[in-house]
Amino acid sequence: MTDEKLMKFHQRISQLPLMTDTLKVKEVLSKEYGIQLSLHETRMLCGFAPKIFTFRVIELWVAKQPREALAWAASISWPQFTGVDLLQFFIEAARKVLPNLNRDALDKMLPDGPGKAKALDLAEAATDPYSLA
């Protein structure tokens, strides 16, 4: 079963690139998710299709606010995906701005939440793939 918070995120984030008011998109991202983007960044994002918009928003969010973005990601009960795993995308994006991100560092950074264990496993698998085998 998919987490309701994740379903709402998917639904909302898919609507945003279809909106014509860039300032409103920026305000929604800030108010609903705490994502702080500039008007210029938001304007650039609004030119993308919904799926690409989602990935670019996550990349910018994690690049600018890694702790907040990862804490939000850890607050979700992530289902098993057969396609793209957004939690893994959060972890990979965070690794770009926090190159020493490993399981221990992430464990200290994240609050307890339904997605924390999976996030820690993903971080560990990326730094020490044989540890989870």
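Predicted model: local features only at pLDDT ≥ 70, side-chain atom pairs only at ≥ 80, totals over all residues.
Trainee: Let's start with helix 4. What length should helix 4 span, and what do its end C-alpha atoms give?

Mentor: Helix 4 covers residues 50–64, which is 15 residues. At 1.5 Å a residue it should span 21 Å. Its end C-alpha atoms are 21 Å apart, so the two agree.

Trainee: Which residues of helix 4 are buried?

Mentor: Phe53, Thr54, Phe55, Val57, Ile58, Trp61 and Val62.

Trainee: And what covers them?

Mentor: The cover includes helix 1 (4–15), helix 2 (22–33), helix 3 (39–45), helix 5 (66–74) and helix 6 (86–97).

Trainee: Take Phe53. What is it in contact with, leaving aside neighbours within four places in sequence?

Mentor: Ile13, Leu16, Pro17, Val25, Leu45, Cys46 and Phe48. Phe53 also shows up in the largest nonpolar core, among the residues with the most contacts inside it.

Trainee: How many residues does that core have, and which others have the most contacts?

Mentor: The core has 40 residues. Besides Phe53, the residues with the most contacts are Leu29, Trp61, Leu70, Trp78, Phe90 and Leu106.

Trainee: Which helices supply at least two residues each?

Mentor: Helix 1, helix 2, helix 4, helix 5, helix 6, helix 7 (103–109) and helix 8 (116–127). The largest share comes from helix 6, with 7 residues.

Trainee: Switching to rings. How many aromatic pairs are there?

Mentor: The structure holds 8. One of them is Trp61 with Trp72, and that pair is tilted. Centre to centre they are 5.5 Å apart, with 50° between the planes.

Trainee: Which parts does that pair tie together?

Mentor: Trp61 lies in helix 4 and Trp72 in helix 5, so the pair ties together parts that are 11 residues apart in sequence.

Trainee: Are those two tryptophans buried or exposed?

Mentor: Both Trp61 and Trp72 are buried. They also belong to a cluster linked by ring pairs, along with Phe9, Tyr33, Trp78 and Phe90.

Trainee: How exposed are Glu59 and Arg56?

Mentor: Glu59 is partly exposed, at 22% relative accessibility. Arg56 is partly exposed too, with a relative accessible area of 35%.

Trainee: What else does Glu59 form a salt bridge with?

Mentor: Lys96, with the closest N and O atoms 3.8 Å apart. That pair links distant parts of the chain: Lys96 is in helix 6, Glu59 in helix 4, and they are 37 residues apart. Lys96 is exposed, with a relative accessible area of 65%. Salt bridges that share partners join Arg56, Glu59 and Lys96 into one network.

Trainee: Which ring does the charged end of Arg56 sit over?

Mentor: The ring of Phe48, 5.6 Å from its centre.

Trainee: What about helix 1? Which residue does Glu4 form a salt bridge with?

Mentor: Lys8, and the closest N and O atoms are 3.3 Å apart. Glu4 and Lys8 are 4 residues apart in helix 1, about one helical turn. Glu4 counts as exposed, at 54% relative accessibility.

Trainee: Loops next. Where is Leu37, and is it buried or exposed?

Mentor: Leu37 lies in the loop between helix 2 and helix 3. Leu37 is buried, with a relative accessible area of 5%.

Trainee: What is Leu37 in contact with, leaving aside neighbours within four places in sequence?

Mentor: Lys26, Leu29, Thr42, Leu45, Leu60 and Lys64.

Trainee: And Pro79? Where is it found, and is it buried or exposed?

Mentor: Pro79 is found in the loop between helix 5 and helix 6. It is buried, with a relative accessible area of 15%.

Trainee: How many residues lie between Pro79 and Asp3 along the chain, and what separates their C-alpha atoms?

Mentor: They are 76 residues apart along the chain. Their C-alpha atoms are separated by 7.5 Å.

Conventions:
Residues numbered from 1 in each chain as written. Heavy atoms only, no water. Expected span 1.5 Å × (residues − 1). Buried < 20%, exposed > 50% of the residue type's maximum accessible area, 1.4 Å probe, protein only. Contact = heavy atoms within 4.5 Å. Core = buried A, V, L, I, M, F, W, Y, C linked by side-chain atoms within 4.5 Å. Phe/Tyr/Trp six-rings, centres within 6.5 Å; stacked < 30°, edge-to-face > 60°. Lys NZ or Arg CZ within 6 Å of the ring centre and 35° of its normal. Salt bridge = Lys/Arg side-chain N within 4 Å of Asp/Glu carboxyl O.
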